[in-house]
Amino acid sequence: MNRSISREGLTLLASGISAVATSFAIYATAEQFVVTSFNRVLLEYLPGWFIATVIHRFGDFALEGSLLFSGVVLSVGVGAVALAGYRLGSKAVPANALPAGFALSTLFVFVVLFVVVREVVPVVGPSIVGGAVVTILGGFSTIVSTDDVSTQRRTLMKTIAGIGVFNVVAHAVGLVRRSQTERAERELNDRAARLEAQHMVSQANENGFDVEGIKPPVTEIDDFYVVDINPSPPSITPTEWQLSITGLVEEELVLDVDDVREPETVHRAKTIRCLSDDIDGQQMDTAIWTGSRLMDLIDDADPNGEYAMLYGADEYYYSIPLADLEDALIAYGMNGWELPAEHGFPVRVLVPDRWGKLQVKWLTEIEIIDAEAGGYWEERGWHGMGPVNSVTKIDRINRPGDHIQLCGHAYAGGRGVETVEVSLDGGETWEEATLGDALSDPDAARQWIYEWESDESDGEYEVYARTVDGEGTTQPEERTEPFPDGATGWPSRTIEPN
């Protein structure tokens, strides 16, 4: 009994592994490879939190691990189906057990793989191999017509060895050809990354305050503010787009979209605030950005200067110290979707703790230079090259029952928001507001609400709000205009009691 179970287990695994190996040898990791297709199916149905957890836990090894896991699952599943088909076929037509078993086994495997791959041609070869192996091993005693046990055993071992050699060669061929199919792997990895980012967006907004009128923690793409120097974004074809790294470098580089996406994928929650945004303005929004670390690309060119001049396809430009780019991102995704045209497709720069003017869109060239050289808005009188100013926004004033409720969001650049304080008496006394959950990065705005019971005897409320950043610095009181260094000051409202 145990020997029979062991023989069936061996037959099952040999059939399944051989079918998968055949697909790997023919298609490497292209989209027609059964394991790649199976992974794509898994990504359609697995919950976002699970995908995000796996990627966070295993990082660059997540794709390799998922391919290995899917390969094992498919091998066992295909082998089980092949064995079931062989048994059923051989019992249904005992006079022609081997041909009938082979035919039904091959058909069963074909159906399963077709459901996964959704194409006919790519699953024909693996189905035939899977059916053949299960037939050879399952009908071995019939094929080898001898009563000599030792002869049978030697022949069986040679057969198993032959199947093993076939699998080794098939896997070796697939590994050699894998470099030709890296695009499919990258697309699979990109899909997983998009799902991870979409989960981050959903989780952030689900954890936000359920308060009327407050902006969500992560802004919808269509609601994200847009400021450009031209009336419409440049039209860029991704297959023709290139990023040049020039200037004071040991080796000038010309990169395409695939080159930019090759380094480790990074997701970052970041708020962008325009330098022209007033204290009560609306030019400040938050997104989950997906991209690569910019310095990973620049370092490959071995820079010799201390500044980088960034050029966009819209003839926009800015010089930035390389030191400020240590944690910068070259982003190609936004909120789990491809970066939209109006936000810099195919790539834009995201510099932590800096104003929106430095977040160059439609990036086409990085020139390494040895001195600061200003930029587009500097030549027009604007400054704001340093950290973004802290700001507190009052989004809405609600009146639930006999209470008054203020809600809004606060931002303090890379320093993060420690507290938001509210004064009802013109700044004489202050109380802390309730802060929403911080996002994954400090360089992102946080929601806040403050509520109090209104009393007509109090008269008008002279309301002020201010932010204390993660370094303990309180947002300055004096209000200034955006030009030239960015707006500062406490937002204020005069509110009548209920």
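Modeller: What follows takes up ring pairs, salt bridges and a charged patch in turn. This is a predicted model, where local features need pLDDT of at least 70, side-chain atom pairs count only at pLDDT 80 or more, and totals for chains, interfaces and linings use all residues. Residues are numbered from 1 along each chain as its sequence is written, and side-chain values use heavy atoms, with hydrogens and water left out.

Colleague: How many aromatic pairs are there, by the rule used here?

Modeller: A pair of aromatic rings is described by the distance of the centres and the angle of the planes. Rings of Phe, Tyr and Trp (its six-membered ring) pair if their centres lie within 6.5 Å; planes under 30 degrees apart are stacked, over 60 edge-to-face, and the rest tilted. The count by this rule is 13. Tyr376 and Trp377 are edge-to-face, because their ring centres are 5.0 Å apart and their planes stand at 85°. Trp452 and Tyr461 are also edge-to-face, with centres 5.3 Å apart and planes at 75°. Ring pairs join Tyr376 and Trp377 with Tyr316, Tyr317 and Tyr318 in a cluster.

Colleague: Is Trp452 buried or exposed?

Modeller: Buried means under 20% relative accessible area, exposed over 50%, and partly exposed in between (1.4 Å probe, protein chains only). Trp452 has 7% relative accessibility, so Trp452 is buried. Tyr461, at 4%, is buried. Tyr376 is buried at 15%, whereas Trp377 is partly exposed at 28%.

Colleague: How many salt bridges does the whole structure have?

Modeller: Side chains of opposite charge can pair when their charged atoms come close. A salt bridge here is a side-chain nitrogen of Lys or Arg within 4 Å of a carboxyl oxygen of Asp or Glu. The search finds 17. In one of them, Glu421 meets Arg466 at 2.7 Å, N to O. Glu421 is in strand E13 and Arg466 in strand E17, so the pair ties together parts 45 residues apart in sequence; strands (E, at least two residues) are DSSP runs, numbered from the N terminus. Both Glu421 and Arg466 are buried.

Colleague: Which residues gather in the patch of negative charge on the surface?

Modeller: A charge patch joins like charges within 9 Å, using residues with over 30% relative accessible area and no salt bridge. Asp and Glu count as negative. The residues are Glu250, Glu251, Glu262, Asp296, Asp299, Asp300, Asp302, Glu326 and Asp327. Asp302 is partly exposed, at 40% relative accessibility.

Key. Patches are made of residues with over 30% relative accessible area and no salt bridge: like charges are joined within 9 Å, nonpolar side chains (Val, Leu, Ile, Met, Phe, Trp, Tyr) within 5 Å. Accessible areas come from the Shrake-Rupley method with a 1.4 Å probe; for residues, only the protein chains shown count as cover. The place of a charge is taken as NZ of Lys, CZ of Arg, CG of Asp or CD of Glu. Helices (H or I, at least four residues) and strands (E, at least two) are DSSP runs, numbered from the N terminus.
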